[in-house]
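Please work through each task before reading its solution.

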Amino acid sequence: MAKFDKFQVMAKIAAAPMVPVFYHKDVEVCKNVIKACYEGGVRAFEFTNRGDFAHEVFGPLVKWAAVECPELALGVGSVVDAPTAALYIQLGACFVVGPLFNPEIAPVCNRRLVPYCPGCGSVSEIGKAQELGSDLTKLFPGDVYGPNMVKGLMAPIPWSKIMVTGGVAPEKENLEKWFAAGVYCVGMGSKLFPSDKVKAGDWKYVTDKCKECFEIIKGCKK
């Protein structure tokens, strides 16, 4: 069962609108990355379902995070079908993210008050996802669509809450463009924790990068 429901998750993302996106087959590496992000101010973290037996890594992470990162909403990403969503929800996922929009996933999540954030590539897809209860939708891949896509769609559907993933970097110019366009939050992967930093166990780098991102975002929202 999810530790936080959709209302609590959305509030956490609103307060700290940068969601790290990460996968590693080693649960200890995941713990270190999550802890580093948490200490940097992150309150919603997306573990991606990208490796064999990924759910066997996720289960222990949920139990660990409940103790070590008590205010963290730990969710799952790269979910493309309803059975996978159900599996992770049973393991305690607080939100479900996908690279695509699958209408069959929405009722599985809605039944348990778990946010479903599908990947969308058009105004029509975003609109349909909203009809099915997705309060937050993901523009993916962001580097293909760009900030102008967000700015353009926010004009006719200004109530939309958009998370952009792909093409987001922990840099002032990059983040300013996305938030100026109107995104609700950003998802950030390898640019937030480069492989060489993870391999070296430089967790302070990750923490400092998260803090730096939040300072930039705070300035964007003034």
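**Exercise 1. Packing of two helices**

The axes of helix α2 (residues 27-39) and helix α3 (residues 54-68) come within 10 Å and cross at roughly 35°. Axes are lines fitted to C-alpha atoms, for helices over the stretch in contact, with angles from 0 to 180 degrees between N-to-C directions; helices (H or I, at least four residues) and strands (E, at least two) are DSSP runs numbered from the N terminus. The model is predicted: local features need pLDDT of at least 70 and side-chain atom pairs pLDDT 80 or more, while totals for chains, interfaces and linings use all residues. Residues are numbered from 1 along each chain as its sequence is written, and side-chain values use heavy atoms, without hydrogens and water.

Task: state which residues of α2 and α3 meet.

Solution. Contact means heavy atoms within 4.5 Å. From α2, the residues are V27, C30, K31, I34, K35 and Y38; from α3, they are V57, P60, L61, W64 and E68. These residues divide into 8 nonpolar, no polar and 3 charged.

**Exercise 2. Cysteines**

Solution. A disulfide is a pair of cysteine sulfur atoms within 2.5 Å. For C94, the nearest cysteine sulfur is that of C109, 12 Å away. Buried means under 20% relative accessible area, exposed over 50%, and partly exposed in between (1.4 Å probe, protein chains only). C94 is therefore buried, at 2% relative accessibility, and C213 is buried at 0%.

**Exercise 3. A strand residue**

Task: decide whether T137 is buried or exposed, and list what T137 touches.

Solution. T137 lies in strand β7 (residues 136-139). Its relative accessible area is 1%, so T137 is buried. Not counting residues up to four places away in sequence, T137 touches C117, P118, C120, I126, A129, K161, I162 and M163.

**Exercise 4. The faces of a helix**

Task: identify where the buried residues of α9 lie around its axis.

Solution. In helix α9 (residues 172-181), N174, L175, W178, F179 and A181 are buried. Viewed down the axis, they fall within an arc of 160°, so they line one face of the helix. K172, E173 and A180 are exposed on the other side. The buried residues of α9 pack against α7 (142-145), α8 (147-154), β8 (161-165), β9 (185-188) and α11 (203-220).

Note on methods
Ala, Val, Leu, Ile, Met, Phe, Trp, Tyr, Cys and Pro count as nonpolar, Asp, Glu, Lys and Arg as charged, and the others, Gly among them, as polar. The arc is that of the directions from the helix axis to the C-beta atoms.
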